Amino acid sequence: MIPSMPVCERDAQGRLISAATHMAENFQAFIAQRALRIPRCIKTGAIVALGARRCADGTPLVVEWLPASGRATLHSFVIYRQEYRSTFPVPYNVAMVELDEGLRLVSSVTGIAEALLKIGMDLRADFDSAGRLVFEAAPAQAGQPEQTQGAEY
Amino acid sequence: MKRQATSAIVGLGFSQLSRQPIGSARTLALDAISAAITDAGLALKDIDGLLINQSGLAPPGSLSLRLQEDAGLGSLRLLSCVEAKGASVLQMVQQAALAIAAGMARNVVCVFADAPLVAEVAGSQSYGKASVLTGIEGWEAQYGMFGPVGAYALLARRYMDVFGVSERQLAGHALACRLWAQDNPQAFLRKPLTLDDYLTARKVVEPFRVLDCAFPINGGAAVVVSAASQARRQASDAARPAVYIHGMGQGHAAAPMLRTAGEDWPTPAALAAETLYRMAGIGPAEVSMFQIYDAFSYCAIAALEDFGLCDHGSGAAFIADGNTAPGGSLPVNTGGGQLSGGYLQGMTPLAEAVIQGRGDGGARQARNDLILVNGSGGRLEYHAALLLSPHAAI
């Protein structure tokens, strides 16, 4: 059950922070609002993985939720050609993307022929009609305006 | 100076193995336990330890501590369920060896059994649950990333891109394992397999074809681990020679989900390898054969590199060049492995290691002085390894 509102508060510096115990629900709640935000440890300043619950020094993790740029590269991808569920007719791709900020996550690349998928290609985050975070091939031309990243929270 | 082993595998037993439903994991485990104890030339009353591993993908409680009572075992000095995904079986043997060395127990049965194939359900569906990679429960399922196959295929795809590996080279492991399986009467897939057969086989999760994935079966297997001193004393009475344990290691680390955490290679198997080689006092050059946990063909590539048997990035070429096939310099998965032999998780490579160690390999018998065995699981976060030998001292 994804909450409609992230469990966060603004700290004295105006940062959007929460304990890492709310990591999963908050990430999902931002996604539900078409926002891609990534967690950064407020103590070390390091971007942390979404599964992290402790700061590098072993103390409970508190994170700042940063708006992601939406830029990413294609770290790897696979093509499902055997159907596992009727709700996922084949073929479709599943991708491991690496955000510019360094975080890796699973997603899918949309709007491109599978033959054109290339590891290392530049991607841009977007949201599909089902509200899923997906990635498209980045605009090729220099100077092309960046797409804004859904709603600003 | 030679090192003496302190423990040995003295018994090996199987339940019936089948693609058809033949009973629950519980009943298959009992058959395997019984067979292993008989094979060891021991009686029920001689067993004072029982370690149990069920598939991590089976419903919780498929195997339980109840097996002690089910198997008719009396009081035990060692009993637990062991769970570490694909590293579990070798971890059971390690725990048995450690308990024996500490004087806690003398004859420990280690059992694995699974019944993943049920009527009317395709094998792939038995392994169709979505993995968790991103760190958020349910995240991967929304993209249709079903089965461990997806995670392993992601690893393989990037590896192939970074190191310039072709699908013809990826085919190498499946082809080599099938050659070995042809000489294993117990292997499930023994029909000759050509490169053309491989290339025209259906892709399941590209780059993997169905031939790159383990062949699920229903069944159980067990080994008996005993003190080496006892194994040597019983040598003349025992049905089959003991296979001694000379090295053990484990390695575990979370999958790298940040750029700063680096690539997915080497896997934590490198840590298991370091511990094992140090304990045994040997290096990779001395390994005679390697029984690899190859749920997916890529696992063999990674294992060869991480255990130092070939250069980093050259695992696929090493296999494709025939080095691991019959006649090659480093026999790998001499029973056909999990791709052609059948998927009994950690018991597939361990059982073949024991068979080879005993000299029971028949037409597929290879040089067995130092047998490396590994187990791996998750998406290659969890690893265990053993170094076995027919020699009590190495």
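The following legends describe close-up views of side-chain contacts in a predicted model.

View 1. The model contains 19 aromatic pairs over all chains.

**View 2. An aromatic cluster includes residues of chains A and B.** Phe27(A), Phe30(A) and Trp65(A) form one cluster with Trp139(B) and Tyr143(B). Over the ring of Phe30(A) sits the charged end of Arg37(A), 5.5 Å from the ring centre.

**View 3. A salt bridge joins Arg40(A) to Glu64(A).** Side chains of opposite charge can pair when their charged atoms come close. Here the N to O distance is 3.3 Å. Arg40(A) lies in strand S3 and Glu64(A) in strand S4, 24 residues apart. Arg40(A) is partly exposed, with a relative accessible area of 28%, whereas Glu64(A) is buried at 11%.

**View 4. Arg240(B) and Asp360(B) form a salt bridge.** Their closest N and O atoms are 2.5 Å apart. Each residue lies in a loop of chain B, and the pair therefore ties together parts that are 120 residues apart in sequence. Arg240(B) is partly exposed, with a relative accessible area of 30%; Asp360(B) is also partly exposed, at 32%.

Technical notes
Residues numbered from 1 in each chain as written. Chains lettered and ligands numbered in written order. Predicted model: local features only at pLDDT ≥ 70, side-chain atom pairs only at ≥ 80, totals over all residues. Heavy atoms only, no water. Phe/Tyr/Trp six-rings, centres within 6.5 Å; stacked < 30°, edge-to-face > 60°. Lys NZ or Arg CZ within 6 Å of the ring centre and 35° of its normal. Salt bridge = Lys/Arg side-chain N within 4 Å of Asp/Glu carboxyl O. Helix = DSSP H or I, 4+ residues; strand = E, 2+ residues; numbered from the N terminus. Buried < 20%, exposed > 50% of the residue type's maximum accessible area, 1.4 Å probe, protein only.
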